[in-house]
Structure formats: C-alpha cells, structure tokens
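Biologist: Hello! Could you walk me through this model, one question at a time?

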Amino acid sequence: MYGSQYLTEENNTLHIGGVAATDLAAQYGTPLYVMAERELTDRLATVREHFLDKYPNTYASFASKALTVSAVYEQVVRHGLGIDVVTGGELFIARQSGVPAERIYFHGSNKSTADLQYAVEEGVGRIVIDHFAEIAQLESIAAQAGQTVHVLIRIVPQVIGGAHAKIQTGGVDTKFGFSTHASDYLDAIEAILASEHLSLLGIHCHVGSQIQDPSLFEQTARTMMGFVETIRAHHGFTVSEVNVGGGFGIAYTQDDHPLDFEATIARVMDVIETETERLGIERPRIGIEPGRWVVANAGTTLYTVGAIKEIEGVRTYLSVDGGMTDNIRPALYGAVYETVIANRMSGETTEVTVVGAACESGDLVAEKAQLVTPNGGDTLAVFGTGAYNFSMASNYNQFLRPALVFVRDGESREVVRRQTYADLIQCDLGINGVRSES
C-alpha cells in the first residue's frame, strides 16, 4: 500500500482512515470512492506550511479538475488555497461551495463567450488568456460590463514533463497557450497592454502532469524568468506574477518516485530568487497549481468481485462491478494502480487481469495483478484513485456514478450520493420533448 499512512491492515482486512473497507462496501455499496480525509488535509497543510507561509507573496490554486467536489473545495479554502477552474461548471461548483471569487483562476484553451461572461460577472481573481481571439473577446465582455479584468497569459515554455504523452503540455506541439518559439506570446502581450479593459499581471505555464523529476520544475522556473526578462526588453513591462503550474508526481506503485513537495518548492524558489537578483527586479508573485498531488493518494476505490474466468494457458480474468466508467485512466493512457483483495490481505496469490463490467474489451482496471486468490463476492481495493477518477467518470452503458465517502478517525460520511436510475433520465425529454413523471 503506497502513498498514504491512513491505509492500514488490521485482522487481515484493509482499513481506510480507521474504517474497515468491507464495512464501507457493505454500508454504501460498490463501486465506491473513499477518501482518507486526513491524507487530504495533511497535504493541504503541507502546501500551506512549505509554500504559502514560508515564501511571502505567493499563492496556490488547487487544480480542481482533479476532483471537482464541494467537500474538497471547502477544505481547500480552509487551508488558504484558491481554486483553478476551466469551465463554467467548475466555476459554478466552486462558487456554490463558498470559494471566494478573488481566489479563483479561470483557465481553458477554448472558453466560450458564456464562460467568460460568467467569470467576469462573478469577479474571478484572474482569467488566463490562451489564444489571440480570446483577447478581443474578453475585452468586449469587460467593456460591456464596465469592468477591468485582471489577466495572465499562458505561454509554452518548451519544457516537456509528464508520465505519458497525453498529459504533457509544455512542448511546442500543444493546443494550450501562446507559442514562445515564435513571437506569438510577445504579440499577445502587446495586444493586451493596448487594451482598455484588460490588466495584464503576468505569465502562466503548465508543462505536464505526474512529473517525478524535480529538475524539470527548476528548468521551468528558470525558463519563465527568462521570459520575464524578454518581455521587459521588448515591451518595457515587468510582469508582477509568474505561475509555474502544477504536475507534482505521486506514488501509484512501488516503481514510482513521488516528488518531495518541500524540497522541490525550495529548489524552484531558489532559482526564482537567483534570477530575480540577476534581473535587478522585485520578485514577482509566484503561483503553483497542485491537483493530483493533493488528492490522489487520499483516494481508494472499492469494488465487488464478480465473474472469474480462467482461460487455460492464457490468463485469468477477474471482473468487478465498475471499471472504465469510474476510472478511465487505464484505458485512456495505460495508467497503473496497485490492487488488493481488501477482505483477505495476505495468503496465496494468483496473477489475474482485473477488468470492468462495461461492454468494451479495453475496459481494464489492472493487468498482471498479483492478488490473494480471489473469490466471487470479495472486496477489491484500488489505491491512488483520488485524482481524475471521480471527475472523469461517465454513464457509459448507463452505469450509475458511484458515491464518494470521506473517512476520518474511524468515522465515515457520504459527501456525494450514488446516482439513481431516475438521475439517468432527468434530462431526457423523450420524443415529444416533455419528460414523463411516471
């Protein structure tokens, strides 16, 4: 069991936050998302202590796409962090959860006019501009509202990081941000500086996700400060804010090398301080956007084992009552997780391929998993599922999205209820455009 001290074995049974996994499965049903709340709050406290409190003029925004849940947002705010959102939906949930508008940063590579209008109406702290058309679009919206909107621009630092090509965002070939291998970002800055209702504060980047090499963050910080120098040389404008993004790696399995957050941040801030002195400027406000690092290891998904099919000389398939509908990451980009039989943590093991219940051959949970020899009805636990699993869940095959439960000090509480069949047709109006209430 990797990544959380709140995963323990007692009487040969997995316990999460002091509660037996089998009891959670019995009480709430499966599939079930379980969050060890103290793991979540410990990590938020680490960000607070080793970044916000240690370094003046800094901010941290939780990358809410990792786990878009009101209960998480509320803890984030309590610990002094803000929220980064990329859609009107995420913004709505953040505001409904009590997140102050000034602590919200609005990202996104293709924001709609409605999204931008909503963000301006709510008075979000920053809007991160991603492309040229968005400059004129946002200027028009701000003018109509009679407001000045604080903005950053997202630029591509040409630093490539991340565990898979599909989660690498810092290279030249990316849909995100303004190019820096040409003059695009300088032209964008010129246009924003010339606008009447946009106030440019600084620059933003994100180079990838699940980064396990701290030197990539140092390289990113040094590169971003180089852009600060270039912008000042070309436009006579000194940015007041630099956001170096997120992507801090965590441990999914024993083969991973999770980042030491405190040590990585110290290395980043040393680079920034050195570059600030070299440029002879006041250090900009520095921002980071941890997401996965905050929530992933707090999460465990519980399933009930169903069919077990042995194909002689080939493999043994173990089916569970969830899969790609509640965790698309293995199918999407080959993500690997640690799994255990939660009701029998030790014993003779068998190699199995854990598959989901969706009508897809690609519905994989874990390949070549060494599990205590399973039986139908066992409880299977998959660790490290706190990030992107709930947020990316779907109703494919009309599976119901699972409940999400917080556990803490031997107590549990449901923070997101399980969907019902009625939820599946709530928006379905039928052939006449009027939904029947029967």
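Modeller: Gladly! Contact, or touching, means heavy atoms within 4.5 Å. This is a predicted model, where local features need pLDDT of at least 70, side-chain atom pairs count only at pLDDT 80 or more, and totals for chains, interfaces and linings use all residues. Residues are numbered from 1 along each chain as its sequence is written, and side-chain values use heavy atoms, with hydrogens and water left out.

Biologist: Which residues does glutamate 134 touch, not counting residues up to four places away in sequence?

Modeller: Glutamate 134 sits in helix α6, residues 132–145; helices are DSSP runs of H or I with at least four residues, strands are E runs of at least two, and both are numbered from the N terminus. Its C-alpha atom is 9.4 Å from that of serine 109, 25 residues apart along the chain. Leaving out residues up to four places away, the contacts of glutamate 134 are Gly108, Lys111, Leu116, Ile127, Val128 and Ile129.

Biologist: Is glutamate 134 buried or exposed?

Modeller: The terms go by relative accessible area with a 1.4 Å probe, protein chains only: buried is under 20%, exposed is over 50%, and partly exposed is in between. Glutamate 134 has 0% relative accessibility, so this residue counts as buried.

Biologist: And what does threonine 41 touch, again not counting residues up to four places away in sequence?

Modeller: Threonine 41 belongs to helix α2, residues 37–52. Its relative accessible area is 11%, so threonine 41 is buried. Beyond four places in sequence, threonine 41 is in contact with Gln75, His79 and Arg408.

Biologist: Let's turn to helix α8. How far apart are its end C-alpha atoms?

Modeller: The expected span is 1.5 Å times one less than the number of residues. Helix α8 covers residues 214–235, and its 22 residues should therefore span 32 Å. The model agrees, with the end C-alpha atoms separated by 32 Å.

Biologist: What covers the buried residues of α8?

Modeller: The buried residues of α8 include Leu216, Phe217, Met224, Met225, Phe227 and Ile231. Glu218 and Thr220 are also among the buried ones. Their cover includes α7 (184–194), β10 (198–204), β11 (241–243) and α9 (261–279).

Biologist: Which residue follows α8 with a positive phi?

Modeller: Its phi is near 65 degrees, and the residue after α8 is glycine 236.

Biologist: Where is tyrosine 388 found?

Modeller: Most residues other than glycine have a negative phi. Tyrosine 388 has a positive one, near 75 degrees. At 12% relative accessibility, tyrosine 388 counts as buried. Its place is the loop between β18 (379–383) and β19 (403–408).

Biologist: What is the relative accessibility of asparagine 12?

Modeller: Asparagine 12 lies in the loop between β1 (7–10) and β2 (13–16), and its phi is positive, about 65 degrees, although this residue is not a glycine. Asparagine 12 counts as partly exposed because its relative accessibility is 23%.

Biologist: Which residues does a cis peptide bond join?

Modeller: Most peptide bonds are trans. Here omega is about -5 degrees, and the cis bond joins threonine 30 and proline 31.

Biologist: Finally, what is the radius of gyration of the protein chain?

Modeller: The radius is taken over C-alpha atoms, and the globule rule is 2.2 Å times the number of residues to the power 0.38. With 438 residues, a compact globule would therefore come near 22 Å. The protein chain agrees with that, at 23 Å.
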